[in-house]
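This report walks through a two-chain structure. Please keep the sequence and the 3D view open while reading.

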Amino acid sequence: MLAAAAIVVNDLRKRYDKVDAVNGISFAVRAGTTTALLGGNGAGKTTTLSMLLSVLTPTAGSISVLGCDMLQHPYRVLPRMNFTSPYVDLPKRLTVGENLRVFADLYGLRAPLQRIGELAREFDLSGVLARPYGTLSAGQRTRVSLAKALLNRPEVLLLDEPTASLDPDIGDRMRTYLETYQRESRCTMLLASHNMGEVERMCDDVIMLREGLVVDQGSPQELIQRYGRETMEEVFLDVARGVGDEADGDIPPREFAA
Amino acid sequence: MHAANESSALFFPQTGIAASARRVRALIRRHAYLLLKSWPRMVSMAYYPTVTMVLWAFLTVYLKPTTNFLKDAPGFFIGAVLLWDVLFRGQLGVSLTFIEEMYSRNLGNLFVSPLRLGEFIAGQLTMSILRTLIGVGGACFFAWLLFRYSIFSLGFPLLAFFALLLAFGWGIGLAVSAMILRWGLGAEELAWAAIFLVAPVSGVYYPIAVLPSWLQSVAWALPSAHVFEGMRSVLLAGAFPWEHFRAAVALDVVYLALGIGTFRLAVRHARVHGKLLHMGE
């Protein structure tokens, strides 16, 4: 049975001056699944995530998250969402615990200290809760950002390069935690990543973007088969380089409409 | 997904005045953490107002034997400089609170949280009150300690002057924040310099009557000119200047509305141009 869509994007466009960053994309993300938004630099991933979070106003199109019109009523659904992104940071002079406490209060948690304690244990942050955020390593900061993103037990979680600066061990633990969280909470995750192993492991669906367009979509296995490749890494390279664009063969990058 | 009862067990309601107050308190907590752990930061907030006050106090000591005006109102310059600092600190409190978020690259996190724009502004204004109380409060204490001058000798009018200047400072502070959001941290200098544009026409240390007539028209369009003229009225005539008070209230409403409107427009512009996630140091 098909799950209902948690995110529905219809003919979404974003134009900056003379550049079309997102050029009329439509897709749906099934509730309770993990979907990857893939594409090279400038493909429109972060722009799309920003519009989904309502920090960027689209030029045209519509976005529905958890049944709410995100462009008209973002505050109805923002308490049920969260995100991490390498483009934002947390106040560096506040300790990790203080940062998490501020966001726990912003999201209205009744028992903030308990939740911070849980996440600190899960993300191995107990030892750094009293340290200023600015003194942490890149990997520790990424874990704090993930902890911040999970404070409100989000139903929709948007992750922009969530494990980019983590070593393989910590990265693996984070993926395991996110998979467990997703399975137990039935959270919907939309993830922009350049780590194809991560995508193959975590994602039920993949949306391939290029030059602001959705050029393909399917499960990782479907895409690997469709492109006649062995890994998502190879599929990614094919899509990013436009392999098969001019060919009349079996690899038809195409605009996808949900 | 969250069942409704599970959600209410884990979270406070997200709508209503109590929810807004909680989110504003969270913002205040964020800035209080920063201020309270740094004594140099606290000292620097009171340092400039205190040093300026001391300068004007010694000038008063020097001029008083030869100046009838200062014999009638010996605390005039000290009161003026303290009230001027209410305006300056009020504006800085708003602008620096905003700049702090930009330096931290934290705007993205805040604007994807349930925090509404009005709550964000309320947090900035509350922090402005706290910063002003710390900064000017320190100078007031030293004015009493060193020169036995108490700003509280102004009585009830002091409260009115304080509120009127603070509100004007908020209007300018929000407009400055809007410009920094619009043009980036390169416009940060405005936070320190903007207020001095109104200083010459506010009549802080001299009556508005000394200005050229065309400049007097400009001055009367500022709440600060009415406040300082009112302060002179209280000190020299002992009368509360209701006419100036009403004019200052009306002008404050206009400037505050303009400040809020400008800031809202800047946020809208930032949303259109993708600056909320990408702005920062």
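A:Arg186 has 15 other C-beta atoms within 10 Å, so A:Arg186 counts as partly exposed. This is a predicted model. A:Arg186 sits in the loop that links helix H6 (168-185) to strand E8 (188-192) of chain A. Its phi is positive, about 60°, although A:Arg186 is not a glycine. Most residues other than glycine have a negative phi.

A:Leu66 is a second case. Its phi is positive, about 50°, and A:Leu66 is not a glycine. The residue lies in the loop between strand E4 (60-65) and strand E5 (68-69) of chain A.

## Chain A overall

Chain A holds 9 helices and 10 strands. It has 258 residues, and 50% of them count as buried. The C-alpha atoms of chain A fill a box of roughly 60 × 40 × 40 Å along the principal axes. For 258 residues, a compact globule would have a radius of gyration near 18 Å; chain A has 18 Å, so the two agree. Take the contacts in chain A between residues at least 6 apart in sequence: 66% of them join residues at least 24 apart.

## A buried helix in chain A

How many residues of helix H1 (residues 45-52) of chain A are buried? The count is 8 of the 8, so the helix is largely enclosed by the rest of the structure. The buried residues of H1(A) are A:Lys45, A:Thr46, A:Thr47, A:Thr48, A:Leu49, A:Ser50, A:Met51 and A:Leu52. After H1(A) comes A:Ser54, with a positive phi near 70°.

## Chain B overall

Chain B has 13 helices and 0 strands. Read along the sequence, its pattern is α-α-α-α-α-α-α-α-α-α-α-α-α. Of its 281 residues, 44% count as buried. The C-alpha atoms of chain B fill a box of roughly 80 × 40 × 35 Å along the principal axes.

What radius of gyration does chain B have? The value is 21 Å; a compact globule of 281 residues would be near 19 Å, so chain B agrees with that rule. Among contacts in chain B between residues at least 6 apart in sequence, 76% join residues at least 24 apart.

## A helix pair inside chain B

Helix H3 (residues 39-63) and helix H7 (residues 117-147) of chain B pack with their axes 8 Å apart, at an angle of about 40°. H3(B) and H7(B) are therefore oblique to each other. Their crossing is right-handed.

From H3(B), the contact uses B:Met42, B:Met45, B:Ala46, B:Pro49, B:Thr50, B:Met53, B:Val54 and B:Ala57. H7(B) contributes B:Arg131, B:Ile134, B:Gly135, B:Val136, B:Gly138, B:Ala139, B:Phe142, B:Ala143, B:Leu146 and B:Phe147. By class, the contact of H3(B) with H7(B) has 14 nonpolar, 3 polar and 1 charged residues.

## Where the chains meet

Across the interface, 32 residues of chain B are in contact with 30 residues of chain A. Four helices of chain B each supply at least two residues of the side that touches chain A: H2 (17-36), H6 (107-111), H12 (242-273) and H13 (275-278). Which helix gives the most to this side? It is H2(B), with 9 residues. By class, the side of chain B that touches chain A has 15 nonpolar, 9 polar and 8 charged residues.

H2(B) packs with helix H3 (residues 96-106) of chain A at an angle of about 165°, with their axes 8 Å apart. H3(A) is therefore roughly antiparallel to H2(B). The crossing of H3(A) and H2(B) is left-handed. H3(A) brings A:Glu98, A:Val102, A:Asp105 and A:Leu106 to the contact. H2(B) brings B:Arg22, B:Arg23, B:Arg25, B:Ala26, B:Arg29, B:Arg30 and B:Tyr33. The residues of the contact of H3(A) with H2(B) divide into 4 nonpolar, no polar and 7 charged.

Technical notes:
Residues numbered from 1 in each chain as written. Chains lettered and ligands numbered in written order. Predicted model: local features only at pLDDT ≥ 70, side-chain atom pairs only at ≥ 80, totals over all residues. Contact = placed C-beta atoms within 7 Å. Nonpolar A, V, L, I, M, F, W, Y, C, P; charged D, E, K, R; others polar. Axes fitted to C-alpha atoms, helices over the stretch in contact; angles between N-to-C directions. Parallel < 35°, antiparallel > 145°, perpendicular 65-115°, else oblique. Left-handed = near helix turned anticlockwise from the far one by under 90°. Rg over C-alpha atoms; globule rule 2.2 N^0.38 Å. Buried ≥ 20, exposed ≤ 12 C-beta atoms within 10 Å, placed from the backbone.
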